[in-house]
Every structure is written in C-alpha cells, then in structure tokens.
Amino acid sequence: MSSTDYGRFNVLFAVLAAVALALALVGIVSLLSTPYAGFQMTADAKAYDVDPVGPAAKAGIKPGDLLVQIGDIPTDRLHELAKQERAKIGEELRVSVLRDRVRHNLAILQSPLPGRMAFQKWAGNLMALIMLFLGLAVFWYRPSKVGSLFFLSNLCFSLAFTTPPYFPNSWLRTIVSTGVILFLTLGLAFLLHLSVVFPKPKPLVRDTNYVEYLIYLPAPIMALTFLGLRLFQPAADLLVNLALHDVFALLVLASVRLTMISVIHGCLTTERGEKRPRGLGLVLAAVLLGSAFPAARLFMETFLPHQPLPGQSFYPLTALLVSLGFGWAIWKSNTAKRIPEKAKSAPPQPIAFKKVVGQ
C-alpha cells in the first residue's frame, strides 16, 4: 500500500483514539472511589507486596500468608469471587488466612489510595494518554504501514495501561479483564511486527509472508483461554489460573525478547554501501531500557513474588521510552524520505551540449 492508501484509515484511527480517550477518562475518574487493601495476591492465593503501613498489615496479614477465604467464598472458587462486588472505601473486607497451619480470621478496613499509589496510578494513565496521542500524531504525519503499526501498538498499550473502569456487573468486569489481556498481547504483537519491518523488512519476513500473521496468533488464544476459564468455571480453578498466569508471563517475556533481538539486528546489520537510517541507535537504547524494567517486574511478580525489587511498582512507566524511541525514529525517517520527492517535482534542467573542437 502507498501512503495514500493508508490515509483512508485516518478517520477510523481517530475514532479509535477517541474511544480509548473516553475509557481513559472514565478510569481516571474512578480512581477517586478505588479502595486500597494494601497487599496483592499471587495466582495461587498467597499474599505478597504487603504495605507495612497499609490496611492489610494493620489487620494482621503477613507476606506469604495463604488466603483461603475472602468474605464467604473460598479462594479456590475464582469464578464465584469474580462475581462479587468490590468493597467500598470504609467497609471491612473479611478474609481467612492460613499461616503455619493455623487459620486466622481478619478484617481489612478499605481505605482511599495513599499518595504513593495514587501517584503511580495517575502517572500510568498519563503515560497511556501520551502514547495514544503520539501514535496518532506519527501516523497522521505520514500514513504508512510502519505508521499504522506504531499507532495500533500505542493504542493497545494505552488501553492496557489505563486504569480500567469498574462495573458492578460481573459480566462486564469479565469483559474488561479479558480486554486488558487482549490489548496487552496485541500491543506486543504490533510492536514486534513493527520491529521486523522497520526500517526495512527482515530477511525472514521478506522470504515468508505468513510470519507476519503468526505474530498475532498468541493474542486471541490467550484472551479466549482466559474467557473460557471464567465462563465455563472449571473445577480446578486455582490450578488453571496459576498455569494461565505463568504462560501469559512467558508469552510477554518472549515477545519482549524477540522485539529486542529484531531491533538489535536492524541496528547492527546494513547492506554494503547502505547508510544506517537515522534514529536506530536511539530506538535500540529505548527498547533495551524501556523493556528491561517492565519485564523484570513481570518476571519477579510471576515467579518470585516474595522477593520484590526496589520500586518495582513504577517499572512499567519506563515502557514510554520504547514508544518515544520508535516515534522519533519513524518521524525522522519520514522527513528524510520527503527530500527526494521534492527533488522529483522540480522542473527539469536544460541539457547543455559542449562544442567539440575540430568539428
């Protein structure tokens, strides 16, 4: 497709950006009513990342406690827990934990988001909005395949990083949860696709066209698997959830690694007599730095949740560097491509014939 062909997506992409903006605003407003319990729960129902001064710690929860019941529902019935409305600020959330084979019944008083957590949430939403507008600006500057992949990647990441709106209806909450998984995996797929075609298609893509389509296969599989877990309510809820959680983490880490390899390949390999495109060095640094911290947090939270890294809750914010690096390089490459077009439109110069001596 030429730039003119991709220009027909301008209105569609603008509408998608407007929808993402509306959802982001709803999510930002809902932060004011978001309760804070002061701990997180692993896929196998163990407490981790317990805030030492948070409501959970004050109630008596310690890192490593096994949550066996939340309210009146056992934690191994995830499908029933998913249907429960979240507690409101000021309400008590009654939980039962197992510690050293002794069961403890505790009550966690839900509080508003503390300053550090509120700042993290607001910063994440701001990052999502920046990525959204950056993707749209780069695509509108010069519509192309690369520009469209960049916009779609930023759109999916912005939807995944934005605080999702809370719905009282459990079916809507399930759709939102499925959407977050789908948007994150699709965002990674679009980013990987972008890395294998920018600044020029890698040899594997040039030789086999189906590789570009295989990149997107894991995203719907993960989303449908998660949705099936919620809808069909398998008996082994906790085990299936743990396995799905680990597979999802491995898929994300693999996508990040392949993107890094593709960017490194594009930065270090050039054909004979070919000048390396501008901005690839910055893209390489942005991808390495911007992907390393979120990947480290995902790995630790999935496989070593009880050994947190310092400040790891802010690690996902560095993903903005990846978007800025690719956006700057694409913008510069588009600017460079405009120079020959102006030269082509210049009026032809008259041909001067020299007189040959002796004729």
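# A first tour of the model

Of the 359 residues of the protein chain, 44% count as buried. The model is predicted.

Visitor: How many helices and how many strands does the protein chain have?
Guide: Both kinds of element occur in the protein chain. The count is 13 helices and eight strands.

Visitor: What share of the contacts between residues at least 6 apart in sequence joins residues at least 24 apart?
Guide: Take the contacts in the protein chain between residues at least 6 apart in sequence. Those that join residues at least 24 apart make up 69%.

Visitor: Are helix 5 and helix 6 roughly parallel or roughly antiparallel to each other?
Guide: Helix 5 covers residues 115-141, and helix 6 covers residues 145-161. They pack with their axes 8 Å apart, at an angle of about 165 degrees. Angles over 145 degrees count as roughly antiparallel. Helix 5 and helix 6 are therefore roughly antiparallel.

Visitor: Is the crossing of helix 5 and helix 6 left-handed or right-handed?
Guide: Residues of helix 5, including Met 127 and Phe 139, meet residues of helix 6, including Phe 151 and Leu 155. The handedness of this crossing is left-handed.

Visitor: How do the residues of the contact of helix 5 with helix 6 divide into nonpolar, polar and charged?
Guide: On the helix 5 side, Gly 124, Ala 128 and Leu 132 are among those in contact. On the helix 6 side, Ser 148, Phe 150 and Asn 154 are among them. The residues of this contact divide into 13 nonpolar, six polar and no charged.

Visitor: How many aromatic pairs are there?
Guide: Rings pair if their centres lie within 6.5 Å. By this rule the count is eleven.

Visitor: What kind of pair do the rings of Phe 13 and Phe 151 make?
Guide: Their centres are 4.5 Å apart, and their planes stand at 25 degrees. Planes under 30 degrees apart count as stacked. The pair of Phe 13 and Phe 151 is therefore stacked.

Visitor: How many residues apart in sequence are the parts that Phe 13 and Phe 151 tie together?
Guide: Phe 13 lies in helix 2, residues 10-30, and Phe 151 in helix 6. Both Phe 13 and Phe 151 are buried. Ring pairs also link them with Tyr 6, Phe 9 and Phe 139 into a cluster. The parts tied together by Phe 13 and Phe 151 are apart in sequence by 138 residues.

Visitor: Is Tyr 141 buried or partly exposed?
Guide: Tyr 141 lies in helix 5. Its C-alpha atom is separated by 7.9 Å from that of Trp 331, 190 residues apart along the chain. Buried means under 20% relative accessible area. Tyr 141 has 23%, so Tyr 141 is partly exposed.

How values were computed
Residues are numbered from 1 along each chain as its sequence is written. This is a predicted model: local features need pLDDT of at least 70, side-chain atom pairs count only at pLDDT 80 or more; totals for chains, interfaces and linings use all residues. Side-chain values use heavy atoms; hydrogens and water are left out. Axes are lines fitted to C-alpha atoms, for helices over the stretch in contact, and angles run from 0 to 180 degrees between N-to-C directions. Helices (H or I, at least four residues) and strands (E, at least two) are DSSP runs, numbered from the N terminus. Angles under 35 degrees count as roughly parallel, over 145 as roughly antiparallel, 65 to 115 as roughly perpendicular and the rest as oblique. A crossing is left-handed if the near helix is turned anticlockwise from the far one by less than a right angle, and right-handed if clockwise. Contact means heavy atoms within 4.5 Å. Ala, Val, Leu, Ile, Met, Phe, Trp, Tyr, Cys and Pro count as nonpolar, Asp, Glu, Lys and Arg as charged, and the others, Gly among them, as polar. Rings of Phe, Tyr and Trp (its six-membered ring) pair if their centres lie within 6.5 Å; planes under 30 degrees apart count as stacked, over 60 as edge-to-face and the rest as tilted. Buried means under 20% relative accessible area, exposed over 50%, partly exposed in between (1.4 Å probe, protein chains only).
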